[in-house]
Amino acid sequence: NFPNPFNPTTTISFSLPKAGFISLSVYNILGEEVAKLINEDLSAGNHRITFDASQLTSGIYVYSLKSQGKALSKKMVLVK
């Protein structure tokens with residue numbers, strides 16, 4: 001995601017080698033889901049999603065991208 005740290009929005013970019021069902025969620029440090037950004041079929045190629053965290057408190061969050069049995073998780077920091 002860029003920028004990181006961010007306030008209050010950040011852009012998550014990813015590339016899909018082939019079309020498929022994608023799930024992109026954001027979790028707080030306790031593992032609770034605070035946002036579901038994508039939960040649908042997407043085409044192959046590059047994608048960008050803007051995450052608006054204006055309703056969340058400052059802290060560390062983790063976004064998780066799941067696709068075709070694979071998962072990728074990264075940390076991001078919200079600073080208000």
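Glu33 is partly exposed in this predicted model, with a relative accessible area of 42%. Its side chain meets that of Lys36 in a salt bridge, at 3.6 Å from N to O. Lys36 is likewise partly exposed, with a relative accessible area of 43%. Side chains of opposite charge can pair when their charged atoms come close. The structure holds 1 salt bridge.

The relative accessibility of several residues discussed in this report is listed below.

| Residue | Relative accessible area | Class |
|---|---|---|
| Glu33 | 42% | partly exposed |
| Lys36 | 43% | partly exposed |
| Leu30 | 68% | exposed |
| Tyr61 | 5% | buried |
| Gln68 | 42% | partly exposed |

Leu30 is found in the loop between β2 (20-28) and β3 (33-42). Leu30 counts as exposed because its relative accessibility is 68%, and exposed means over 50%. Together with Ile29, Ile60, Val77 and Val79, Leu30 forms a nonpolar patch on the surface. The accessible area of these residues together is about 460 Å².

Tyr61 lies in strand β5.

The largest pocket contains about 190 Å³ of space. Its lining consists of Ser15, Leu16, Pro17, Lys18, Leu65, Ser67, Gln68, Lys70, Ala71 and Leu72. The elements that each give two or more residues to this lining are β1 (9-16), β5 (59-67) and β6 (70-78). With 3 residues, β6 gives the most. By class, the lining has 5 nonpolar, 3 polar and 2 charged residues.

Gln68, one of the lining residues, is placed in the loop between β5 and β6. Its phi is near 50 degrees, a positive value in a residue other than glycine. Gln68 counts as partly exposed, at 42% relative accessibility.

Most residues other than glycine have a negative phi, and most peptide bonds are trans.

Conventions
Residues numbered from 1 in each chain as written. Predicted model: local features only at pLDDT ≥ 70, side-chain atom pairs only at ≥ 80, totals over all residues. Heavy atoms only, no water. 1 Å grid on protein atoms, 1.4 Å probe; cavity = no way out; pocket = protein on both sides within 12 Å on 5 of 7 lines; lining within 4 Å. Points joined across faces, edges and corners; volume = space filled by probe spheres on them. Helix = DSSP H or I, 4+ residues; strand = E, 2+ residues; numbered from the N terminus. Nonpolar A, V, L, I, M, F, W, Y, C, P; charged D, E, K, R; others polar. Salt bridge = Lys/Arg side-chain N within 4 Å of Asp/Glu carboxyl O. Buried < 20%, exposed > 50% of the residue type's maximum accessible area, 1.4 Å probe, protein only. Patch = residues over 30% accessible without salt bridge, like charges linked within 9 Å, V, L, I, M, F, W, Y side chains within 5 Å. Areas by Shrake-Rupley, 256 points an atom, 1.4 Å probe, with all protein chains shown as cover.
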